[in-house]
Amino acid sequence: QVQLVESGGGLVQTGGSLRLSCAASGTSSSINAMGWYRQAPGKQRELVAGITSGGNTNYADSVKGRFTISRDNAKNTVYLQMNSLKPEDTAVYYCNAVIKQFGFRKDYWGQGTQVTVSS
């Protein structure tokens, strides 16, 4: 069973920075893609940024130019560097890992880490 352990959330002022980390364990299969989602109170969970095993990335329009996703495949770890944070970035951030095997896709999720940006 794949386990994702997140760290790095917290409280920061507007304009500040945080770095989230997510380490995956418990799998001998290659992780195809990893990413970060977030969910604010009363809103649906949304994709923030994703990265494939080959290093291709995608970002939500709202975070482009401010957030950077990176990945260490050897460590099965994904990072999210968040700069120029805004109050609207406040949410629970969830790490996601995707494993595709034998034509099937399986998503795994972390427990979530709170990010709060004060104005």
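A polar contact is a pair of N or O atoms within 3.5 Å; within protein, one must be able to donate a hydrogen and the other to accept it, and residues adjacent in sequence count only if both atoms are side-chain atoms. Hello everyone, let's keep that in mind as we start. The side chain of R38 makes such a polar contact with the side chain of D89, at 3.0 Å. A second one, of 2.7 Å, joins the side chains of R38 and E46.

A quick word on what we are looking at. This is a predicted model, in which local features need pLDDT of at least 70 and side-chain atom pairs count only at pLDDT 80 or more, while totals for chains, interfaces and linings use all residues. Residues are numbered from 1 along each chain as its sequence is written, and side-chain values use heavy atoms, with hydrogens and water left out.

Let's stay with R38. This residue is found in strand β4; strands here (E, at least two residues) and helices (H or I, at least four) are DSSP runs, numbered from the N terminus. Is R38 buried or exposed? R38 is buried, with a relative accessible area of 7%. For those words, buried means under 20% relative accessible area, exposed over 50%, and partly exposed in between, using a 1.4 Å probe and protein chains only. E46, at 34%, is partly exposed.

Now for the salt bridges. A salt bridge is a side-chain nitrogen of Lys or Arg within 4 Å of a carboxyl oxygen of Asp or Glu. How many does the structure hold? There are five salt bridges. In one of them, the side chains of E46 and R38 meet at 2.7 Å, N to O. R38 also forms a salt bridge with D89, where the closest N and O atoms are 3.0 Å apart. That pair links distant parts of the chain: R38 sits in strand β4 (residues 33–39) and D89 in the loop between β8 (77–82) and β9 (91–101), 51 residues apart. Both R38 and D89 are buried. Please compare that with K64 and D61, whose salt bridge has its closest N and O atoms 3.1 Å apart. Both K64 and D61 are exposed. Salt bridges that share partners also join R38, E46, R66 and D89 into one network.

So where is R66? R66 is found in the loop between β6 and β7, and is buried, with a relative accessible area of 11%. A polar atom of the R66 side chain lies 2.8 Å from the backbone oxygen of S62. Contact means heavy atoms within 4.5 Å. Leaving aside neighbours within four places in sequence, R66 is in contact with Q81, M82, N83, S84, L85, K86 and D89. With residues up to four places away not counted, R38 touches residues including Q44, E46, S62, F67, D89 and Y93.

Y93 brings us to the nonpolar core. A nonpolar core is a set of buried Ala, Val, Leu, Ile, Met, Phe, Trp, Tyr and Cys residues joined through side-chain atoms within 4.5 Å. The largest one has 30 residues, and L4, M34, W36, L80, M82 and Y93 touch the most other members. β3 (18–25), β4, β5 (46–52), β7 (67–72), β8, β9 and β11 (113–118) each supply at least two residues of this core. Which strand gives the most? That is β9, with five residues. Y93 is itself in contact with residues including W36, R38, L80 and M82, once its neighbours within four places in sequence are set aside.

Next, the aromatic rings. Rings of Phe, Tyr and Trp (its six-membered ring) pair if their centres lie within 6.5 Å; planes under 30 degrees apart count as stacked, over 60 as edge-to-face and the rest as tilted. A search of the whole structure finds one aromatic pair. Y37 and W109 form this edge-to-face pair, with 5.0 Å centre to centre and 70° between the planes. Y37 lies in strand β4 and W109 in strand β10 (residues 104–109), so the pair ties together parts that are 72 residues apart in sequence. W109 is partly exposed, at 36% relative accessibility.

Rings can have charges over them too: that needs NZ of Lys or CZ of Arg within 6 Å of the ring centre and within 35 degrees of the ring normal. The charged end of R19 sits over the ring of Y79, 4.2 Å from its centre. For K106 and the ring of Y108, the corresponding distance is 5.7 Å.

One last stop is G54, in the loop between β5 and β6 (57–59). G54 is exposed, with a relative accessible area of 67%.
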